[in-house]
Amino acid sequence: MSQEQKTESWGSRLGVVLAVAGSAVGLGNFLRFPGQAAENGGGAFMIPYFCALLLLGIPIGWAEWTMGRFGGERGLHSSPAILGAVGGGRVMRYLGVFGIVIPLVVYMYYGLIESWCLRYAFAYMSGGVELGADPAGYKVASEAFFNRVTGAEANGLTLAQGPLDPAVIFWLVVFALNVWLIHRGLSKGIERFVKIAMPVMAVCAVIVLVRVMTLGTPNPELPEQNVVNGLGFMWNPDLSKLRDFKTWLAAASQIFFSLSVGFGVIINYASYLKKDDDVVLSGLTASATNEVFEVSFGGLITITAAFVFLGASGATGGTFGLGFQTLPIVFAYMGGLGRWIGAVWFFMLFLAAITSSLSMLFPVKAFLEESLGISRSRSTLYVASLAGIGSLWAIYFSKGLVALDTMDFWVGTFLIFVLATVQVIAFGWMMGIERGFEEAHKGAKLRIPRIFGFIIKYVAPVYLLIVFIGFCHQNLPGYISALGETPVALATIGLVFVVIAVLVFVTWQGEKRWRAEGLDLDGTGSVE
């Protein structure tokens with residue numbers, strides 16, 4: 001472990017709660033959640049969603065907070081090292097590599113989307129989003145602007161004009177800001193930033209929500225297109241969707257993605273807590289903050305606004321379709337005020353994205369410092385190199401956003417599900433519920449109800465296993481066959497395997513260093 005890493009710590013309890021909440025509150029709340037809900041049964045989606053929240057998200061989150069602080073007491077700060085200590089051996093240590101793969105690969109495309117948000121915000125503030133005077137042409141103009149920003153029409157489009165292409169410039173600005181903040185560390189970088197960004201984000205969300213909820217019936221000729229019916233379109237249940245395991249996987253994945261559970265983030269952040277710092281109430285507070293943003297803001301703004309102006313046909317279109325193509329049409333219908341609501345909306349998305357992306361890069365940086373014994377500056381350089389190469393891959397192979405979508409499903413959904421399963425088994429069966437709860441309750445301001453011991457040990461693993469097997473039976477063959485039909489998708493999977501191989505090698509190197517330093521690598525010792 002480097003000397004710089006030994007001095008890393010949180011400045012306050014509020015800081016770590018806001019940092020974890022900031023990691024959780026991201027694009028998934030405002031774009032992914034409403035899109036997933038609309039696609040998977042509307043109100044019916046909330047049944048598997050809240051089941052996943054209560055049976056998976058909150059209890060596994062508590063497990064991660066506890067295991068993270070447990071590892072930190074032993075001088076361990078990365079997912080491989082901590083899971084190895086909790087699980088008592090090499091198998092869990094190398095499975096813990098997924099806790100580095102996931103945040104690193106997700107950043108490769110997430111940072112790109114983050115740059116889109118900043119570019120849209122700047123375009124709205126400068127009057128650069130012009131959809132024309134004829135509403136009949138709004139849809140085509142909005143799609144054209146999105147394709148120009150993302151390069152979705154052809155591979156290499158955003159790099160065709162060289163480094164001065166706006167897409168490259170905005171990505172570089174966002175990338176540099178992320179790298180600079182993680183280099184500054186926890187308290188001076190991430191904590192200071194989220195203490196400003198989170199309140200500003202909340203104010204922006206309230207401004208947009210108030211405007212959407214006061215839209216009424218803007219078109220008297222279409223009285224059915226009103227706010228109440230827009231909310232009904234979002235929340236009225238299509239119960240037939242509950243028979244599809246994809247809906248249950250989508251709900252569980254949304255909870256994991258949104259709460260940063262099974263991501264390798266919480267376990268890293270919690271490792272910098274002091275021995276008696278509370279983890280139970282802090283974990284619950286971070287989860288509750290996320291749900292306010294997701295359900296109260298994300299669930300009420302996007303689809304409701306789209307329905308009011310565009311009807312049922314306009315209130316669909318998936319994550320990017322709703323957020324980046326449909327809502328600009330909505331803002332155009334709002335007239336002059338729409339430009340400023342659009343600026344607030346996309347600036348809010350940018351803040352949501354960067355508070356999350358910081359949490360993706362920092363665990364990778366901590367892992368490299370811990371495994372290789374390198375300085376903060378060198379680890380930042382290595383992280384920037386790895387993340388930059390992956391991001392450039394997603395930028396270049398932009399046609400149809402195939403590379404981005406491939407990373408999002410196989411890493412941002414599938415692997416998160418796998419890591420969450422590994423973590424709940426590590427806590428419930430290897431650390432043990434009694435030992436785990438004893439560790440969690442050190443300095444706790446709230447005690448975990450005993451029923452959650454049963455949930456973590458039995459219900460959560462069975463729940464995950466049933467959904468996973470059902471998904472593999474119903475849907476996985478189609479996803480695998482699609483890889484063979486799409487060379488870019490297959491090559492992207494190859495890139496992910498290269499990343500895994502590199503991180504496994506670094507873990508192997510780290511294992512030798514940790515043993516030489518006499519660290520409690522297998523969790524057999526006690527910490528006084």
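Reader: What volume does the largest pocket have?
Author: About 850 Å³. This is a predicted model, where local features need pLDDT of at least 70 and side-chain atom pairs count only at pLDDT 80 or more, while totals for chains, interfaces and linings use all residues. Residues are numbered from 1 along each chain as its sequence is written, and side-chain values use heavy atoms, with hydrogens and water left out.

Reader: What counts as a pocket, or a cavity?
Author: Both are sets of points on a 1 Å grid over the protein atoms alone. In a cavity a 1.4 Å probe fits but cannot get out; a pocket is an open set with protein on both sides within 12 Å along at least five of seven lines. Lining residues have an atom within 4 Å of a point. Points are joined across faces, edges and corners, and a volume is the space filled by probe spheres set on them.

Reader: Which residues are closest to the centre of the largest pocket?
Author: Arg32, Gln36, Thr319, Asp405 and Asp408, out of 36 lining residues. Helix α18 (402-440) gives the largest share of that lining, 8 residues. Helices here are DSSP runs (H or I, at least four residues), numbered from the N terminus.

Reader: How does that lining split by class?
Author: Into 20 nonpolar, 11 polar and 5 charged residues. Ala, Val, Leu, Ile, Met, Phe, Trp, Tyr, Cys and Pro count as nonpolar, Asp, Glu, Lys and Arg as charged, and the others, Gly among them, as polar.

Reader: Switching to cavities. How many of 30 Å³ or more are there?
Author: The search finds 4. Of its 15 lining residues, Ser23, Tyr110, Phe257, Ser356 and Met360 are the closest to its centre.

Reader: Any charged residues there, or how does the lining divide?
Author: No charged ones: 7 are nonpolar and 8 polar.

Reader: And how much space is in the second largest cavity?
Author: About 60 Å³. Its lining includes Val20, Trp65 and Ser287. That lining has 7 nonpolar, 4 polar and no charged residues.

Reader: Now the surface. Which residues make the nonpolar patch?
Author: Ile425, Trp429, Met430, Ile451, Phe454 and Tyr458, covering about 600 Å². α18 and α19 (451-474) each give two or more of them.

Terms used:
Patch = residues over 30% accessible without salt bridge, like charges linked within 9 Å, V, L, I, M, F, W, Y side chains within 5 Å. Areas by Shrake-Rupley, 256 points an atom, 1.4 Å probe, with all protein chains shown as cover. Salt bridge = Lys/Arg side-chain N within 4 Å of Asp/Glu carboxyl O.
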